[in-house]
Amino acid sequence: MNIQIFDTTLRDGIQGANVSYSVEDKLNILRSLDKFGIGYIEAGTPFSNPKEQRFFELAVQRRMRHARLVAFGSTHRRGMTAENDEACLALLSAETPAVTIFGKSWDFHAQEVLGVSNAENLEMIENTVSFFKSRGREVFFDAEHFFDGYKNNPGYAVDTLIAAQRAGADKIILCDTCGGCFPDEIHTILSAVAKKLNRPVGVHFHNDVGCADANALMAVKAGADLIQGTFIGIGERCGNTNLSSVIPSLQLKLGHHCIPEENLPNLTRTANRIAEITNIIPDSSLPYIGRNAFAHKGGMHVDGVLKNPTTFEHISPDTVGNSRHFLVSEVSGRSAAVNILHKLGSNVSRTSEETSLLINALKQKENNGYQFESAAASVELLALKALGEYKPTFSLIHYNTSGRMPVTDGENSATALLKIRVGDSVEVTGAEGDGPVNALDMALRRALEVFYPRLKNVRLSDYKVRVMNPGAATAANVRVLIDSTDGITSWTTVGVSTDIIEASWLALVDSMEYYLLINTQTEDSAAEEMFFENDHSHS
């Protein structure tokens, strides 16, 4: 069955905590979703503010490859008609090929929130849908609070759907707006409601009890043929149906068609790009696209996957653009070490000297407080050293950091002075930053970019510190984990010392060297550029 995917990242997703997009951000996400193959993209409310108005002015000029642009609005206000309601007229003036009209399907909301009678609410729904249909728009009717409304007054909840259907709504969307329903409820209610309508329905779920993804899959089993959701599941409160999980489940597991098959390997890349624009770090344990979705740590698991991946993987990671990796730790054994060496192009065996060198280096580091299961990039650098193929990209001569307090508004709190050597050249650089680590990071980048300009693509995306032996008070070892990204991929490095600045420095050095020595991104960058190019001919 063809399942239409209706993305609402740019409308419902933006209601999530700490999510805010500029006009350019929204255009970039729109472009990414369209190229991935999403069928409908609900992009916001055109008249809500000048930024949204400007976005729609630019967005409607784009020639879309796969998607239809959708603007979002409500039924007309009480005591009016759609023809004289400024909000409806503004929605119409956005000139999108499709619109979403939301209306109350719970009589409690109609009476208490809108202050209208049940009959008046039905008239508002029918009149508004009819208005937009008569102007040539494809109309989605979002039945807000439908499932709660149905449980309280099933007859009236269905009446709201019939009103929208009578007015010509192209698709009726059943919404679990409070996000409190369970999969069995969804299946029972949707199965009953579908028999009362003369067209298939779509669904919109929030994740307040952690069931949004399961509810979407159950809705399809009950007959729904359109799923609304957001990438990475962002959205108000606990978020929405996570399309980056639901799309592969529908297409790979249940055999439905959601997006062009050849685009599915771009799933992880698309999700990461949207996360980057949104300025969030995706949960490493997200299904399909998470960094740990195909990560193996236990020795028996690693050995099994190396013999046959289906022993511990439900799909091949490359079908969704992810990759398998093995977490090196005290429980992972020689198989994981050999796999890392193979990843770097070596054909060593479990008994090779290089394998023993890597394992011994890991054990020594772990004995000093290192932990590598979340810092695969640092492990690969150790593997390169075990193979005898490590060539330092630079060497430190010295650095000096200083901080000052108090700091007035707008001022940086620390400075760093750095002197490094690259080949026969010496570079001296200084920088100010928000704290000594930030200043040191900026100074190092500034110095290295003289020799390695592509480091301009790299930035620190997360920074974590853990005290290893709290009983030692201020003399305790600290472990620093740094997440870095070039906007396409991300990697994690680790440093340990009794000095937090030195621990940070060690992690920073590994981050830069990993990018320069291992994560060359030649083929991947070319593919990324082809997939996400800014195609001005479509604007």
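Predicted model: local features only at pLDDT ≥ 70, side-chain atom pairs only at ≥ 80, totals over all residues.

**Exercise 1.** Classify the pair formed by the rings of Phe36 and Phe231, and find where the two residues lie in the chain.

*Solution.* 
- Begin with the general idea: two numbers describe a pair of aromatic rings, the distance of the centres and the angle of the planes.
- The model has 15 aromatic pairs. For Phe36 and Phe231, the centres are 5.8 Å apart and the planes stand at 85 degrees, so this pair is edge-to-face. The cut-off used here is an angle over 60 degrees.
- Now place the partners. Phe36 belongs to helix H1 (residues 23-36), while Phe231 is in the loop between strand E8 (226-229) and helix H10 (243-253).
- Finally, check accessibility. Phe36 has a relative accessible area of 0% and is buried; Phe231 is also at 0% and counts as buried.

**Exercise 2.** Describe the ring pair of Phe55 and Phe56, then find the charge that sits over the ring of Phe55.

*Solution.* 
- The ring centres of Phe55 and Phe56 are 5.2 Å apart with planes at 80 degrees, so the pair is edge-to-face.
- Both Phe55 and Phe56 are buried.
- The charge belongs to Lys26, whose charged end lies over the Phe55 ring, 4.6 Å from its centre.

**Exercise 3.** Is Asn49 buried, partly exposed or exposed, and what does its side chain reach?

*Solution.* 
- Locate Asn49 in the loop between strand E2 (40-42) and helix H2 (50-59).
- Its relative accessibility is 31%, so Asn49 counts as partly exposed, a class that lies between 20% and 50%.
- The Asn49 side chain reaches the backbone nitrogen of Glu52 at 2.8 Å. It also makes a polar contact with the side chain of Ser48, at 3.4 Å.

**Exercise 4.** Which element gives the largest share of the lining of the second largest pocket?

*Solution.* 
- The second largest pocket holds about 320 Å³ of space.
- It is lined by 18 residues, and those closest to its centre are Lys385, Leu506, Val509, Asp510 and Glu513.
- Helix H15 (376-386), strand E11 (395-403) and helix H17 (500-517) each give two or more residues.
- The largest share, five residues, comes from H17.
- By class, the lining has twelve nonpolar, two polar and four charged residues.

Technical notes. Residues numbered from 1 in each chain as written. Heavy atoms only, no water. Phe/Tyr/Trp six-rings, centres within 6.5 Å; stacked < 30°, edge-to-face > 60°. Helix = DSSP H or I, 4+ residues; strand = E, 2+ residues; numbered from the N terminus. Buried < 20%, exposed > 50% of the residue type's maximum accessible area, 1.4 Å probe, protein only. Lys NZ or Arg CZ within 6 Å of the ring centre and 35° of its normal. 1 Å grid on protein atoms, 1.4 Å probe; cavity = no way out; pocket = protein on both sides within 12 Å on 5 of 7 lines; lining within 4 Å. Points joined across faces, edges and corners; volume = space filled by probe spheres on them. Nonpolar A, V, L, I, M, F, W, Y, C, P; charged D, E, K, R; others polar. Polar contact = N/O pair within 3.5 Å; in protein donor to acceptor, adjacent residues only side chain to side chain.
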